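This report covers helix packing and a handful of residues at the helix contacts. Please keep the sequence and the model in view while reading.

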Amino acid sequence: MIRIPQPRPESGEPPIPAKADPDLRVDSLATDYLETHPIRAGSPFAEGTVLGVSGASGLRTTHDAFVDQGPMQYTAVGSLISCLVVLGFAIPAAVWFPAGGVAISVLGLGLAIFGIQSGRVKESLVLVAAHLVLFLYCIVVSQN
């Protein structure tokens, strides 16, 4: 920690010296801070590619499918991917061990329902239907 010596209150001097640096000039009417400046993207050694501008009106404009998604949407997309993996296990389980296929298809059904929040509604509903069909098939086969 750096301590800057301050004059004692009884000395009558202000705590911050009134001497100004002649090279330092503060202009309260300057509007440079409102200007927008380009933002570089990519390698600092590459030729300048500008992605957007900084400042109050500068917004990044990209066309990536996963930009501006929160953690809930990322989790829901991961849920859809894991639902596909579970589907790969649920199909053989429905054939060889229907009672175990019930548990696996319930897991896949839950993941597919949670995947609806990802914004990929059609894919999610197809996976919900697939796991629901597998669930009903496993229930019917395991009852016999």
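Helices (H or I, at least four residues) and strands (E, at least two) are DSSP runs, numbered from the N terminus. By that rule, Val141 lies in helix α3. The model is predicted, so local features need pLDDT of at least 70 and side-chain atom pairs count only at pLDDT 80 or more, while totals for chains, interfaces and linings use all residues. Residues are numbered from 1 along each chain as its sequence is written, and side-chain values use heavy atoms, with hydrogens and water left out.

**Overall picture**

The protein has three helices and two strands. Along the sequence, the pattern reads β-β-α-α-α. Buried residues account for 19% of the 144 residues. Here, buried means under 20% relative accessible area, exposed means over 50%, and partly exposed lies in between (1.4 Å probe, protein chains only). The accessible surface comes to about 11300 Å², and 66% of that belongs to carbon and sulfur atoms. Accessible areas come from the Shrake-Rupley method with a 1.4 Å probe; for residues, only the protein chains shown count as cover. Contact means heavy atoms within 4.5 Å. Among contacts between residues at least 6 apart in sequence, 49% join residues at least 24 apart.

**α2 against α3**

Helix α2 spans residues 98–114 and helix α3 spans residues 121–143. Their axes come within 8 Å and cross at roughly 160°. That makes α2 roughly antiparallel to α3. Axes are lines fitted to C-alpha atoms, for helices over the stretch in contact, and angles run from 0 to 180 degrees between N-to-C directions. Angles under 35 degrees count as roughly parallel, over 145 as roughly antiparallel, 65 to 115 as roughly perpendicular and the rest as oblique.

The crossing of α2 and α3 is left-handed. In a left-handed crossing, the near helix is turned anticlockwise from the far one by less than a right angle; clockwise makes a crossing right-handed. On the α2 side, the contact includes Pro98, Ser105, Gly108 and Ala112. On the α3 side, residues in the contact include Ser124, Val128, His131, Phe135 and Val141. By class, this contact of α2 with α3 has 15 nonpolar, six polar and no charged residues. Ala, Val, Leu, Ile, Met, Phe, Trp, Tyr, Cys and Pro count as nonpolar, Asp, Glu, Lys and Arg as charged, and the others, Gly among them, as polar.

**α1 against α3**

α1 and α3 pack at an angle of about 25°, with axes 11 Å apart. The two helices are therefore roughly parallel to each other. The crossing of α1 and α3 is left-handed. Leu80, Cys83, Leu84, Val86, Leu87, Ala90, Ile91 and Ala94 of α1 meet Ser124, Leu127, Ala130, His131, Leu134, Tyr137 and Cys138 of α3. That contact divides into 13 nonpolar, two polar and no charged residues.

**Residues at the contacts**

| Residue | Relative accessible area | Class |
|---|---|---|
| Ser79 | 4% | buried |
| Ser105 | 0% | buried |
| Ala112 | 0% | buried |
| His131 | 0% | buried |
| Val141 | 29% | partly exposed |

The contact lists below leave out residues up to four places away in sequence.

What does His131 touch? His131 sits in helix α3. Its contacts are Cys83, Val86, Leu87, Ala90, Ser105, Gly108 and Leu109.

Ser105 belongs to helix α2. Ser105 is in contact with His131, Leu134 and Phe135. The C-alpha atoms of Ser105 and Val128 are 9.7 Å apart in space, and the two residues are 23 apart in sequence.

Ala112 is also found in helix α2. Its contacts are Cys83, Ser124, Leu127 and Val128. From Ala112 to Glu123, eleven residues apart along the chain, the C-alpha separation is 8.8 Å.

Ser79 lies in helix α1, residues 71–96. Ser79 touches Leu111, Phe114 and Gly115.
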